[in-house]
Amino acid sequence: MNRGATLARGVSPGPGRLAGILLAWALAPALVSAQWTNRYPRVEGYGHQIYLEGYEMPTLTNGPIDPAASPDGTQLAFASHGWIWVMDLVDGGARRLTLGGEMDARPAWSPDGARIAFVRDDTRDTWIVVVDAGTGAELLSENTPAIELDPAFSADGARLYFASASAGTIDLWALELASGEKTRITDVRGIELKPQVAAGALVYLAKGGGGGDRVLVRELDVDGSPAGPGPRTLLEGSIASMARPALSPDGSTVAVNWPTQAGWELRLVNVDNPAGSILLVGPPDTGGGTPLTPAWSTPGGEWVYFSRGDGNRPMRLYRVPAAGGPAEEVVVRTWDWGVETGKLRVRTTLEEGGPPAPARLDVVDATGHPAVPANSRPWFDGQSGRVYAYSTGIAEYTVPAGSAAVAAVQGLATPEVARAVEVVAGQTTEVEVTLTPVWDARAAGWVSGEHHFHLNYGGPYDLAPADLVPMMRGEALDVATPLLANLHNRFEDQDLWGWERAGEGPLIRFGQEVRSHFLGHVGLIGIGDFFWPWVWGPGYQVYGADDRENAEALGHARSRGGFGYYVHPVNARAAERAEPWSEVPFGNLAPGVPIELVADAVLGDLDALEVVCLWSDETTTTQVWHRFLNLGIPVAPSAGTDVMNNFFRTMAVGTTRVYAMTGGQLNWPAYMAALRKGRTFVTNGPFLDFRLKEAGPGGVVEPGSASWTLDLISAGGVERVDVLVNGEVAWRSDGLDEPGSRRYEGALDLPEGGWVAVRAVGGSTEWPSMASYPFAHTAPIWIGEVGSTEPGARTRAARELAEVLRVARDRLVIGYGDADIPNLLGRFDRARTRLEEWARP
């Protein structure tokens, strides 16, 4: 048999795995590199791995997804709770077919109805498994060191088509089941997914490779190999993230879910004449939500099945007549787990016996398989590989009877608490988990906020703003400004603009992310109207040659009393660093700095910089920020995760955040005033309470001798803590080896000008953090007055930033090509002149 294809041995994880899980939770935090990194094998030619994992990888759900009708039309296979189920379409009963600790999805029937192939996911790789459709016994495992997805049998059952990245990019392959021989079907740029075979035709989804996202069809020879002149395009668009084509049994029609400006639709496309398409299901139908994973009924194709993700609620299964008409829900009436089950009720509190408290939960059964709470949906932490969900304080799970493990946190301030429990068959077993915060931010006068994430961004769920509330409460997050952003040429969720949540908290108000991709992305919050256009510059078909500055968008925010900042600004390759948090030679950073960032900061148009973000690197971003401060430019620090809340595979909102000193007041005016004045610190885990001559971040102290105190508090370890004067380490000490706090005291001899701040950094991360390494940094305390400088530090910063600006200007000219851009070039020239003035000794 071909290397990578192996006969199944029938081995399954045993109950002893539970002890290993608890031990891993307690002792083995994830070791990761400089910023968000891929757990799964890297795929060539896909720009952002997080999008690959969010859009193309399977989704674990509560409720049916990935429906597939049996050849005789009497049964429907689907995925739910991370297993494959087979449903009797007469009585509505579903039986669990797979039982293991991994997550199973995307089933496909063999033509004789005897076998089911599907995707298996162990949180680090995916592969194809074939099982007996009646017993679930494993017959074949096609597993390479690369990602495999989307199996489909040939019409005669002799071949298995699937997508694999074994050649670098994700291509389509065919596996001869008798011989184990594999043949590569596609070998073009981009990725190819979801092969569907019928009537001598192969339909599949292609993304990238010099075009948009396309549904393609090509003829097949009798041996299953491609024939004819090449593929034809049936449908084409941009960022069709959740699109999955389904080919009718007679090969004449494709059903596909497809995005529009108004939302996702389910459409039919004729294979021979694809010029037009027919709408089957629109966004408003059947209660809303994104139509997902369509599949045809068999053998006649009278119906199209699909799932729908609406808010944070479980997936639901529907069918709609292929001839058109209203969609109807297909209800699973009974769930046969194949083993005895029990209910597990998890109660989380902040004191023993106290009232229920919101929390983030991770629950697994004895095999290590993630459990999903009733009436909710799960998420996947791409750093640790853990599946999590939110609880209002009491959450109930159905799990196989026997051992289970529960882990809980609330926000960044509670160390993880894990409990082992024995679930009794047929009964409800209750467990209380008491969380003990290491710090009470509100009591200390601080309010937490997160200023860069996206409510809906092409993921499987259609979220409403109120769906953020349980997430924020589970993360102890006080303030959030989700940013509306474009998906290439779509500007979605504009109807949410102006929605606001005030009162006792959490506070929610929408902002905007403006994406001149080429010049850098900026966030705008506290504005009453959109900035237009949302996008421009090289790479866009419209506005591609616009001679427009990011400073226009930043000025739009200021003119309306708002706040403008660059998001996910600076990255660095891990290979350049001794440790993931080590600084990089400053000259090496120039290619990774947004093109217009230095010019906007130098010319005084920048309010803040997103210092902490899961998509960029904290240390290298800080290196740029420190140079701005050394020039006397009072750029405030901000923080945001840049997560997409409607993904399954995404980290939690608020796991990077800013804390603002409001004296404990939780209202928009007090919070925004503190943010603007830099009475803040940013963090992905550790907390910093720093006082210099009794002044905190954003304050001013006089030159000369100054005593200071620092409280370092963290729910996990952090390697070291630094006191910085004008960006240089004036004092350093070890941090924390475990959750807790430590007080430091000292004295500084302050220069005549500049700033002082504190940084905590280094080590490995563990829950509740989801970042790559622990990091926290205070805003500056200014010496003498806000914006003061130390001459030597200012000169060095000006010279270093002038070189970054020079590289940026070269990139600008190359990118815009022959376009006439006197406005942008003039801006860069003015910034260069100012830096030259500051660079003089």
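A residue counts as buried at under 20% relative accessible area, as exposed at over 50% and as partly exposed in between (1.4 Å probe, protein chains only). By this cut-off, the buried residues of helix α9 are L824, G826, R827, F828, A831, L835, W838 and A839. The model is predicted, so local features need pLDDT of at least 70, and side-chain atom pairs count only at pLDDT 80 or more, while totals for chains, interfaces and linings use all residues. Residues are numbered from 1 along each chain as its sequence is written, and side-chain values use heavy atoms, without hydrogens and water.

Helices are DSSP runs (H or I, at least four residues), numbered from the N terminus. The buried residues of α9 pack against α4 (550-559), α5 and α8, where contact means heavy atoms within 4.5 Å.

Helix α8 (residues 791-816) packs on α9 (residues 822-839) at an angle of about 165 degrees. Their axes, lines fitted to C-alpha atoms over the stretch in contact, lie 8 Å apart. The two helices are therefore roughly antiparallel, the term for angles over 145 degrees between N-to-C directions, on a scale from 0 to 180. Residues in this contact include L801, L805 and L812 of α8 and F828, L835 and W838 of α9.

Helix α8 has 26 residues. Its end C-alpha atoms are 37 Å apart, close to the expected 38 Å, which is 1.5 Å times one less than the number of residues. Among its buried residues are A798, L801, L805 and Y816. Their cover includes α5 (597-602), α6 (618-630) and α9. Just after α8, G817 has a positive phi of about 55 degrees.

How values were computed. Parallel < 35°, antiparallel > 145°, perpendicular 65-115°, else oblique.
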